[in-house]
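Visitor: I have a protein model open and would like to talk it through. Could you look at it with me?

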Amino acid sequence: ASIENDVIQTTFVLKHDKAAVAEFERILVDRSNPKSENYGKWMKHSEIKSRLAPSESSVKTVVDFLSSHGIPSTDIRVNKLGDMVHVSMPVKTANSMLKTEFALFRSATQRNVALPRITQPYYLPEEIAQHVQIVADIVRFPSLRNGPTIFGAEEKTATDDEFNSCGTKCNGYTTPDVLKSAYGFEYMTSFTTGNSMSVAEFQYQYYDQTDLDSFSSACDVTATVETTIGGNNPKICEAGGCVEALLDIEYIEAVAHPIPLTVIYSSTFSLLDWVGQVIDMGDDAPLVHSVSYGNDEVQQTSVEYMDACNEQFMAAGNMGLSILFAAGDQGVWGRSGVGATYNPDFPASSPYVTAVGGTNFATKSVIGEETTWDCGGGGFSDTFARPDWQETVVTDYIAAATTAGVLPDQSLWNSTGRAYPDVSALGGQTNPYCVAIKGGSFGGVAGTSASCPVVAGVFAQLNDIRLKAGKSSLGWLNQLIYQNGQCFNDINDGSMNNCNKGTTGFSALTGWDPATGFGSPNYSCLSKIV
């Protein structure tokens, strides 16, 4: 069937001035450095726009070009930062405008997902191309996630009482009480005005009140959503299709309720679209964002696409927002699997986000020492150079791993790349998380998709301490983390994130490592340094 009249949504991402971006990054590094006198002096949205936005004439050139192809102004929208032009248009218009051919591709694994994509390169006239970094979301496919693995409850009672704190359906599972004992935070009873947090959802990941209520009553916590952006379709959850979203919401809430939670749902499968949405919220954007999605760097559309995302992540950091991404669930090998090299994950490998890896308890059902979850993502970017703020700890790791004889072969990874994760938290299969799914039934769920909202909740609590004291939000977290490695529970038992028996991975050694970062959060220590 012809798809000529199908409507596609795409975004023309405009080029930023290179010198302006470099200066903007310098300011971000300065203002997010706890040792700087400018620490925490975040920018208003209007200041970011004045520093970063392309010229109005660039925007006008692109908008006029779209209009000249008969696209009505109601189908063209310029974002508030003035660096993205969102357009919806029929495929036949896109075919002629971009001198290409779109076809409809259906996902091999999820048959309900069909996306129009180009079958040959696209072209823009020279006078337009000079203003445009990329035309987004028409080339590559998002790698659709397989949902997190679900386990059945254990028959016998677990060793430590906290594992039985959500009732018999969750025996032996990680519960809110387990996390509270392991990481040393308290449940909050009130929050400081202005504090806020968010989870990002894609791919038909909605939530339903029945499951949130079941979880709340079983575990004696409160899980509520204050604001939903992008809509919700709770019906999908009755069939058990909402595990990812329910995991995110239940656990960021378990840690940091009553800080108001916003769920940002993006139907476009696009990270760029999501972060653009966040920045468009301006000075009202939630302060902490947990995102449990990502793909291998090699699966991204292009380096230009990742650069475009990074520029938006930088803008978010300078607005005083903290963005945390799950580091992935396939160890060093990524979604692409075992091959000639490791496959780093993006956006976890972006220097401008905080990447969260995964751990297990060293002894099953005993709250105490942690060990690497062997499938927790970690490694070195093949695209982004290593930033100064992590140079020392990463070089120390490479030296220590060399001495210990556990450094993987240098042909497998890029020793000069941005290294991740930055921190980690429980996420493995030893004691999966207790999650209410499928209209009120319970299952155990594992993955860095669990680790990420937990760490995000901890930082939302830490923001509360600062806001209560009249200080600004924590913003981009990485330098704070790298200057305070002592405030994380170090994993140093040599455990490895190879995820595939018989292959190599990075070993957890003393201090920072590419298996678990600095380790899991020690709240009582962190609460004293913010």
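Visitor: Are C487 and C525 buried or exposed?
Guide: C487 and C525 are both buried, where buried means under 20% relative accessible area, exposed means over 50% and partly exposed lies in between, computed with a 1.4 Å probe on protein chains only. Please keep in mind that this is a predicted model, in which local features need pLDDT of at least 70 and side-chain atom pairs count only at pLDDT 80 or more, while totals for chains, interfaces and linings use all residues. Residues are numbered from 1 along each chain as its sequence is written, and side-chain values use heavy atoms, with hydrogens and water left out.

Visitor: What joins C487 to C525?
Guide: A disulfide, that is, a pair of cysteine sulfur atoms within 2.5 Å, joins C487 to C525, with 2.0 Å from S to S. The link of C487 and C525 is left-handed, with -60° about the S-S bond. C487 lies in the loop between α14 (478-482) and β22, and C525 lies in helix α15 (residues 523-529), so the pair ties together parts that are 38 residues apart in sequence. Helices (H or I, at least four residues) and strands (E, at least two) are DSSP runs here, numbered from the N terminus.

Visitor: How many disulfides does the structure hold?
Guide: There are five disulfides in the structure. If the bonded cysteines are numbered in sequence order, they pair as 1-3, 2-7, 4-5, 6-9 and 8-10. C309, on the other hand, is in no disulfide, and the nearest cysteine sulfur, that of C452, is 16 Å away.

Visitor: Which cysteine forms a disulfide with C166?
Guide: C166 is bonded to C219, and their sulfur atoms are 2.0 Å apart. The torsion about the S-S bond of C166 and C219 is about 120°, so this disulfide is right-handed. The pair links distant parts of the chain, since C166 is in the loop between β7 (150-151) and α6 (176-183) and C219 is in helix α7 (residues 209-219), 53 residues apart. C166 is buried, with a relative accessible area of 4%, and C219 is buried too, at 3%.

Visitor: What about C375 and C499, how far apart are their sulfur atoms?
Guide: The sulfur atoms of C375 and C499 are 2.0 Å apart, and the two residues form a disulfide. Their link is right-handed, with 90° about the S-S bond. It connects distant parts of the chain, with C375 in the loop between β16 (370-372) and β17 (379-385) and C499 in the loop between β22 (488-489) and β23, 124 residues apart. C375 counts as buried at 11% relative accessibility, whereas C499 counts as partly exposed at 22%.

Visitor: You mentioned β23. Where is S520 found?
Guide: S520 is found in strand β23, which covers residues 520-521, and S520 counts as buried because its relative accessibility is 0%. Contact means heavy atoms within 4.5 Å, and, leaving aside neighbours within four places in sequence, S520 is in contact with residues including Y183, E370, C487 and N489.

Visitor: Changing topic, which strands pair with β11?
Guide: Two strands count as paired if DSSP finds at least two bridges between them. Four bridges join strand β8 (residues 197-201) to β11, and these two run parallel. Four bridges also join β11 to strand β13 (residues 322-326), again in parallel. H289 in β11 is the bridge partner of S198, while V288 stands opposite S322 in β13.

Visitor: And are the faces of β11 buried or exposed?
Guide: Both faces of β11 (residues 288-291) are covered, with V288 and S290 buried on one side and H289 and V291 buried on the other. In a regular strand the side chains alternate between the two faces of the sheet.

Visitor: Last one: how many salt bridges are there?
Guide: A search of the whole structure finds seven salt bridges, each being a side-chain nitrogen of Lys or Arg within 4 Å of a carboxyl oxygen of Asp or Glu. One of them joins K60 and D64, whose closest N and O atoms are 2.6 Å apart. Both residues lie in helix α3 (residues 56-68), four residues apart, about one turn of the helix. K60 counts as exposed at 52% relative accessibility, whereas D64 is partly exposed, with a relative accessible area of 37%.
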